[in-house]
Amino acid sequence: MRTRFEIEGLDDLDDNLARAAELMSDPDIVEPVLQEALSPVSDAAKAIVHVRTGRLRDAIGVSDRADGGGGERGITAYVGPSVDADYAVDVEIGRPPSVGADGREYDATRAYPYMRPAWNQNSDGILPATADGLGKVLARELKG
């Protein structure tokens with residue numbers, strides 16, 4: 001006696017897997033999820049950054065690129081200050097005394113870390129938030 005069976009739905013499964021791969025390689029779909037997952041880091045950095053004028057605090061955010069420039073890119077997400085606060089690294093890690101190209105002397109500056117502590121406080125939540133967000137995208141897009 002010969003046993004025979006048939007599995008239905010494999011074509012649908014194959015179609016859904018192909019669609020999922022397509023969705024997960026689309027920056028317009030994935031980057032907003034990544035940016036949302038990084039927003040607690042941005043919020044924490046804004047809350048703890050050393051403020052003199054507010055310019056650095058206001059420059060901290062999430063984006064799809066670090067420099068705001070154009071060009072070819074893959075899927076990216078960035079959290080930190082924009083180029084509008086060109087002194088951000090000096091605040092984060094400090095600066096030794098130096099002499100500028102114009103001969104002007106600059107005193108050392110003390111470090112006031114804000115990005116590393118913000119990352120350390122929130123990094124455990126980034127992967128779960130990303131997985132949850134991408135799962136919701138897939139559930140919504142592959143409904144059928």
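I started with Ser42, which sits in helix H2, residues 27-48. This is a predicted model, so I kept an eye on confidence as I went.

Is Ser42 buried or exposed? I found 4% relative accessibility for Ser42, which makes it buried, since the cut-off for that is under 20%.

Next I asked which residues Ser42 touches beyond its neighbours within four places in sequence. I got Ile60, Gly61, Val62 and Val79 as its contacts.

Where is confidence lowest, and where is it highest? I found the lowest mean, 86, in helix H1 (residues 10-24), and the highest, 96, in helix H3 (residues 55-59).

On to the overall fold. I noted five helices and four strands, and along the sequence they follow the pattern α-α-α-β-β-α-β-β-α. The radius of gyration came out at 23 Å, well over the 15 Å that the globule rule gives for 144 residues, so I wrote the chain down as more spread out than a compact globule. I also looked up the box filled by the C-alpha atoms: roughly 95 × 30 × 25 Å along the principal axes.

How much of the chain is buried? I noted 24% of the 144 residues. Of the contacts with a separation of 6 or more, 55% come from residues 24 or more positions apart.

Last, the surface and the charges. The chain exposes about 10200 Å², with carbon and sulfur atoms supplying 51% of that. I noted 16 positive and 26 negative side chains, and the centres of the two sets lie 5 Å apart.

Notes. Residues numbered from 1 in each chain as written. Predicted model: local features only at pLDDT ≥ 70, side-chain atom pairs only at ≥ 80, totals over all residues. Heavy atoms only, no water. Helix = DSSP H or I, 4+ residues; strand = E, 2+ residues; numbered from the N terminus. Buried < 20%, exposed > 50% of the residue type's maximum accessible area, 1.4 Å probe, protein only. Contact = heavy atoms within 4.5 Å. pLDDT = per-residue confidence, 0-100. Rg over C-alpha atoms; globule rule 2.2 N^0.38 Å. Areas by Shrake-Rupley, 256 points an atom, 1.4 Å probe, with all protein chains shown as cover. Lys, Arg positive; Asp, Glu negative; His and termini not counted. Charge placed at Lys NZ, Arg CZ, Asp CG, Glu CD.
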